[in-house]
Amino acid sequence: DWQRLFKTGAACDLYLATDPDAASDRQSPVSGDVRVLLSYVGNKSLAVLYRPVAPGASPDKALRITSPVGETLIDHVEQLTSARLLRTIDPLSPNQYTIEAAIPLKAIGLKATDDLRLKIDWGLLVSGPEGHDVLRRVYWANQATQIIADAPSEARLSPHLWGHVLFHDHRPSAEDRLADDTIDGSKKPTKAQKDAAEELLDDLKKK
């Protein structure tokens with residue numbers, strides 16, 4: 001079942017908040033929060049988009065996931081047919097591989113602009129030898145991912161546990177940087193850059 005690939009593992013997982021105005025400390029997803037799951041079924045690549053909150057979505061496209069201890073509702077689930085995946089297997093170690101993905105930003109509702117700061121997380125769903133079940137959920141930011149036996153919990157988005165990504169403008173060439181007299185620090189940082197730096201300092205103080 002391609003809608004439930006998060007229960008079979010062997011997948012790359014991306015969480016992204018596409019609305020920069022959404023509350024940063026929200027514990028439940030809002031419109032604009034998405035999940036993109038990248039996996040293979042045999043030799044067929046699949047990219048699945050989950051929108052937990054999708055105003056105007058057709059009820060017949062909703063995914064309701066239940067268990068004896070809870071329930072999670074995803075308003076809209078679809079295959080991203082416009083996504084392109086490339087899997088490269090290491091010839092010296094067949095159990096190691098690299099996944100590359102190209103996903104049109106419009107397909108996930110993202111409009112990238114300079115200094116755009118959004119919440120994000122990404123990780124891996126590690127499967128057993130047959131690729132039929134999840135043994136581990138490993139993420140960059142969210143460390144509360146020990147649950148692997150409750151589908152609603154595994155399907156739920158928790159944006160308050162994600163990190164942040166900052167979209168910069170184009171990176172100047174080495175020649176441009178040498179010629180730019182603002183590189184010495186005289187150029188004032190943007191508000192988004194200040195916010196990112198302050199958050200990083202706060203995280204370091206906590207450690």
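Ile 89 is partly exposed, with a relative accessible area of 46%; here, buried means under 20% relative accessible area, exposed means over 50%, and partly exposed lies in between, using a 1.4 Å probe and protein chains only. The model is a predicted one, in which local features need pLDDT of at least 70 and side-chain atom pairs count only at pLDDT 80 or more, while totals for chains, interfaces and linings use all residues. Residues are numbered from 1 along each chain as its sequence is written, and side-chain values use heavy atoms, with hydrogens and water left out.

You can find Ile 89 in strand S7. Helices (H or I, at least four residues) and strands (E, at least two) are DSSP runs, numbered from the N terminus. Leaving aside residues up to four places away in sequence, Ile 89 touches Pro 94, Gln 96 and Tyr 97, where contact means heavy atoms within 4.5 Å. Ile 89 and Ile 99 are 10 residues apart along the chain, and their C-alpha atoms are separated by 8.9 Å.

With a relative accessible area of 29%, Arg 87 is partly exposed. Not counting residues up to four places away in sequence, Arg 87 touches Tyr 40, Gly 42, Asn 43, Tyr 97, Thr 98 and Ile 99.

Look at Gly 42 first: the side chain of Arg 87 reaches its backbone oxygen at 3.4 Å. Then look at Tyr 40, which is 47 residues from Arg 87 in sequence and 9.0 Å from it in space, C-alpha to C-alpha.

## Thr 72, a buried residue

Thr 72 sits in strand S5 (residues 70–74). This residue is buried, and its relative accessible area is 7%. Its side chain makes a polar contact with the side chain of Arg 156 (3.1 Å). A polar contact is a pair of N or O atoms within 3.5 Å; within protein, one must be able to donate a hydrogen and the other to accept it, and residues adjacent in sequence count only if both atoms are side-chain atoms.

Beyond residues up to four places away in sequence, the residues that Thr 72 touches include Leu 63, Ile 65 and Pro 152.

## The nonpolar cores

A nonpolar core is a set of buried Ala, Val, Leu, Ile, Met, Phe, Trp, Tyr and Cys residues joined through side-chain atoms within 4.5 Å. The largest has 19 residues, and Phe 6, Leu 37, Tyr 50, Leu 63, Ile 65, Val 77 and Leu 125 touch the most other members. Strand S1 (11–17), strand S3 (44–51), strand S4 (63–67) and helix H1 (151–155) each give two or more residues to this core. A second, separate core has 16 residues, among them Val 34, Leu 80, Leu 118 and Ile 120.

## The whole chain

How many helices and strands does the protein chain have? There are three helices and 11 strands. Along the sequence, their pattern reads β-β-β-β-β-β-β-β-β-β-α-β-α-α.

Of the 207 residues in the protein chain, 32% are buried. Among contacts between residues at least 6 apart in sequence, 61% join residues at least 24 apart.
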